[in-house]
Amino acid sequence: MKTHILLLVIASFLNTTLPMAAQDLSSHEWKDRLLLVLTTENSEDLYKEQMELFKDDIDGLEERKLVVYSVMPEQYKKGIQCEKWIESTSLNDQYRKGDKGFEIILLGLDGRVKLRQSEVLSIEKLFRTIDAMPMRRNKMRNKEKSGIEHR
């Protein structure tokens, strides 16, 4: 009987704490910018198109310290190449506004929303938005002063 109760408590603990810890975006704060690609089964074509655009300029994403999260109503995955989905509704619940099937959200280094749109985001618009941010501009100026090329 005690074993059953202990197992029930452990299972309950794992169910409530591990998914939350696995998707705590605060660990990225001041280190990474985040791109959240929210999608549903109904918007799969837009999602595929968006991910292909990201794959075409991985170097530019890395240079701008971008980490991509794909978010569906009941699961998410981190990274462009990652195939493993993690079951959780937290990111979807936290960031989805309304009933849009597809949405892109850019979070800055400070964790705040810098861009939100419900159509495919061009690499040019993404990079232009990031390159206009004060911390990014400062980094580009520092590279110029040291003679290192930048995008």
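Modeller: Let us begin with one residue and its surroundings. Setting aside neighbours within four places in sequence, Y95 is in contact with L25, L36, L38, E103, I105, L107 and R116. Please keep in mind that this is a predicted model.

Biologist: Where does Y95 lie, and is Y95 buried or exposed?

Modeller: Y95 belongs to helix α4, which covers residues 90–95. Its relative accessible area is 10%, and the cut-off for a buried residue is under 20%. Y95 is therefore buried.

Biologist: How far is Y95 from V71 in sequence and in space?

Modeller: The two residues are 24 positions apart in sequence, and their C-alpha atoms are 9.4 Å apart in space.

Biologist: Which residues touch the most other members of the largest nonpolar core?

Modeller: That core has 20 residues, and those touching the most other members are L35, V37, F54, L61, L66, L106 and L126. The elements giving two or more residues to this core are β1 (33–38), α2 (44–55), β2 (66–72), β5 (103–107) and α5 (123–131). Helix α5 gives the most, with four residues. A second, separate core consists of 12 residues, including L25, L36, L91 and Y95.

Biologist: What is V37 in contact with, leaving aside its neighbours within four places in sequence?

Modeller: The contacts of V37 are Y47, M51, F54, V68, Y69, S70, V71, F102, E103 and I104.

Biologist: Which strand is joined to β3 by two bridges?

Modeller: That strand is β4, residues 86–87, and β3 and β4 run antiparallel. Q75 has E87 as its bridge partner in β4. There is also a general idea to remember: in a regular strand, side chains alternate between the two faces of the sheet.

Biologist: Which residues have a positive phi although they are not glycines?

Modeller: W30 has a positive phi of about 70 degrees and is not a glycine. W30 lies in the loop between α1 (2–22) and β1. Its relative accessibility is 53%, and the cut-off for exposed is over 50%, so W30 counts as exposed. Another case is K65, also not a glycine, with a positive phi of about 55 degrees. K65 is found in the loop between α3 (58–63) and β2. With a relative accessible area of 34%, K65 is partly exposed.

Biologist: What sits over the ring of F127?

Modeller: The charged end of R64 sits over that ring, 3.8 Å from its centre. As for pairs of aromatic rings, the count comes to one.

Biologist: Finally, what is the mean pLDDT of the protein?

Modeller: The mean pLDDT is 84, and 81% of the residues reach 70 or more. Over residues 6–22, however, the pLDDT is below 50. Beyond near neighbours in sequence, this stretch has five contacts in the model.

Conventions. Residues are numbered from 1 along each chain as its sequence is written. This is a predicted model: local features need pLDDT of at least 70, side-chain atom pairs count only at pLDDT 80 or more; totals for chains, interfaces and linings use all residues. Side-chain values use heavy atoms; hydrogens and water are left out. A nonpolar core is a set of buried Ala, Val, Leu, Ile, Met, Phe, Trp, Tyr and Cys residues joined through side-chain atoms within 4.5 Å. Buried means under 20% relative accessible area, exposed over 50%, partly exposed in between (1.4 Å probe, protein chains only). Contact means heavy atoms within 4.5 Å. Rings of Phe, Tyr and Trp (its six-membered ring) pair if their centres lie within 6.5 Å; planes under 30 degrees apart count as stacked, over 60 as edge-to-face and the rest as tilted. A charge sits over a ring if NZ of Lys or CZ of Arg is within 6 Å of the ring centre and within 35 degrees of the ring normal. pLDDT is the predictor's confidence in each residue, from 0 to 100. Two strands pair if DSSP finds at least two bridges between them.
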